[in-house]
Amino acid sequence: MDKISIEQMQELEEQYDSELQTRKLPRKLEQVCGVLLALFALYHFITAGFGLPADYWHMGIHLSGVLSMIFIYYAGFKCLERKNADQSSRVPLYDFVLAGLSVVASLYIGFTWMGLDLSFVGLMLDEQALRQGNPALLDIIFGSLLVFLVLEATRRTLGPVLPLIIILFACYALFGQYLPFDILRHPGVSWNQFINNIYFPAEGIFGITLWVVSTVVFHFVLFGVIAQRMGLGQFFIDIATIVAGRYSGGPAKVSVVSSAFFGTISGSAVANTVSTGSLTIPNMKKLGYPGHFAGGVEAASSAGGQITPPIMGAAAFIMAENLQMSYGSIVLAAMTPAIMHYIGVLTIVHFKAKKLGLKGCAKEDIPHLLAVLKDGWPTMLPLVVLIGVLFSGFTPYMAAFSGIAASLAVGVLNPRNRIGFGDIFDAFKIGAKYALAVGAACSAVGIVVGVITTTGVAFRLGFLVTSGAQDIGESLMAMTTWLPFELFSLDQATLFVSLVLIALSCILMGAGLPTAALYIMLSAVAQPALSNLGVPALAAHLFVLYYGVLSEITPPVCTSAYAAAGIANANPFRTGISAFQLGNAKIMMPFVFVYSPAMLIVLEDYFTWSEYLLTTFSCMAGIFVFGIAITGYALRNLPLLPRLLTFAAAIALITPGLQSDLYGLALLLPVLAQQLLARRQDETLAPARCANS
């Protein structure tokens, strides 16, 4: 089977994944930094299993490693370095200075936590608890320095959008008293108080965001890299080929199934796209799928990894912390919506294959199950260990430690796919490098969280959203006064408009951000607005996560689709459009579980088996019908009017409620009749065609 080379895969990842877009270092400096990254990963691995240092030390060590490596690996002005290609491998002196300052500013709190006695130079600091609310001059200096360094590191790794958003939040905190709008105006805070809230632990940079990243996100990124190195990704692809490869459009279905498997361990949609797409996209094109559609299938499937338990791009662990819920409850709640996403992609793939007359994989290209299991079963052990430890009540970082340890053991002891010291070193190095961008982003988002805590702006913005939605709802109701019945109530209109506004905001704000960082920021801003409308907190958090992740396949910023287009040699924008169409279930599912929280299972006030089953099966049917409408094919090609009826039926079936389901079924009856009649006509005409030929 056609497959792009490992070197090409790495080039695609570096081109489209911001976490790997680093400068090329001189050989000796690269070796030194490689060792430092591996030691950085080793520190996290050891402390996860044998005990973490005090919070302020652990977070400080993590942040110092992240920021210092970013200033070495990521150019401050990439355009200038490209112009001077012969100088591109040299790291400017100021970047070394910034790296050193990052270490000092990050570790300062640890060194001064219990106070500092430098009376011989006239410097005395009380212990940190006594300085809280009344920071010393030295605190202000190092705090201001760290804010600058975090924003600059985020700019280098993810571009200017997120730092600009954070600067706007900071300006709001500092100058809120000058705003002309009463609803947003607040007394404002001084720079000293701003730094006090942003720099000291419990809030801001050293708050819950950095804690979760340094104790959970980093470890699961590392686990995913090591698990791939010891063969788990290939095992997933082989099993997916056995399960789905023989059916119509086989390689495309392999892409969906393997990406669903891969999503259980991957924290990066781009890495998922490149790893599985390197095999599936060339095979889809060879079978007859258009390049943009083949890339769209892989991008849509891979982006689903960010909403697929158990890891969900590490968002599941952050969500559990934010909501004070058990990790198992988050996983159980997210399971059904994730399944719906893959059903949606599979449906479109199936009917597209039927429409194009595509067959499955050739028999010789499908591996034998017993051979795959015999060779690959050891690679599943680390994932089983990780999930088992997670659901046994241990901490997520202990589960990650156990999974990484099991991966190393399997990799070293497995004679069929043995990894050596060099492979382990590279895995630790790449895992740490992957964690740099998300570490900087989550630290920067901590500033947003600190501003929200200080000013209460989230509730103010929530009120603005709901009041604006209510005004729009009243206008919509006024447009329907001519009807002899009430089409919808004002509360229903307000909720729907609010959801649409928040969804659009999440897509725009989430463009290009790592999953963990975008979830932290979006949930802090958007969740209060949904809570004001009576939406359960868990449903609100999953809503903003889904629409934030949707930016991965939403043009014009759709990094997964661009990576897939690179493999498919297809137009990136058309690939993004195809991915967006294929990901239709991800677009609709958040509305479903907001209106019917029973789908999330764990919300006792809303869950009944009858409500869950009715919502789930009608939604599944609606997604299936929606796939028919998008492809324009069921038993035969759909003419315009039946296709429009199919769209309407799909929306009615997806909408929670028995009455809407009955409307949907009624709309489907004429479509079914037309399709059966068209098939009968084709079957009647087929013998005549054969006789004439």
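**View 1. The chain as a whole, in a predicted model.** Among the contacts in the chain (heavy atoms within 4.5 Å) with a separation of 6 or more, 77% are between residues 24 or more positions apart. The chain has 29 helices and 2 strands, which are DSSP runs numbered from the N terminus (helices H or I, at least four residues; strands E, at least two). Of its 693 residues, 57% count as buried, that is, under 20% relative accessible area with a 1.4 Å probe and protein chains only. This is a predicted model, in which local features need pLDDT of at least 70 and side-chain atom pairs count only at pLDDT 80 or more, while totals for chains, interfaces and linings use all residues. Residues are numbered from 1 along each chain as its sequence is written, and side-chain values use heavy atoms, with hydrogens and water left out.

**View 2. The packing of helices H11 and H17.** Helix H11 (residues 232-244) packs against helix H17 (residues 369-390) at an angle of about 135 degrees, their axes lying 9 Å apart. Residues of H11 including Leu232, Phe235 and Phe236 meet residues of H17, among them Leu369, Val372 and Trp377. By class, this contact of H11 with H17 has 11 nonpolar, 2 polar and 1 charged residues.

**View 3. Ser596 in the loop between helices H26 and H27.** Ser596 is found in the loop that runs between helix H26 (584-595) and helix H27 (609-631), and it counts as buried because its relative accessibility is 1%. Not counting residues up to four places away in sequence, Ser596 touches Glu611, Thr615 and Pro656.

Note on methods
Buried means under 20% relative accessible area, exposed over 50%, partly exposed in between (1.4 Å probe, protein chains only). Axes are lines fitted to C-alpha atoms, for helices over the stretch in contact, and angles run from 0 to 180 degrees between N-to-C directions. Ala, Val, Leu, Ile, Met, Phe, Trp, Tyr, Cys and Pro count as nonpolar, Asp, Glu, Lys and Arg as charged, and the others, Gly among them, as polar.
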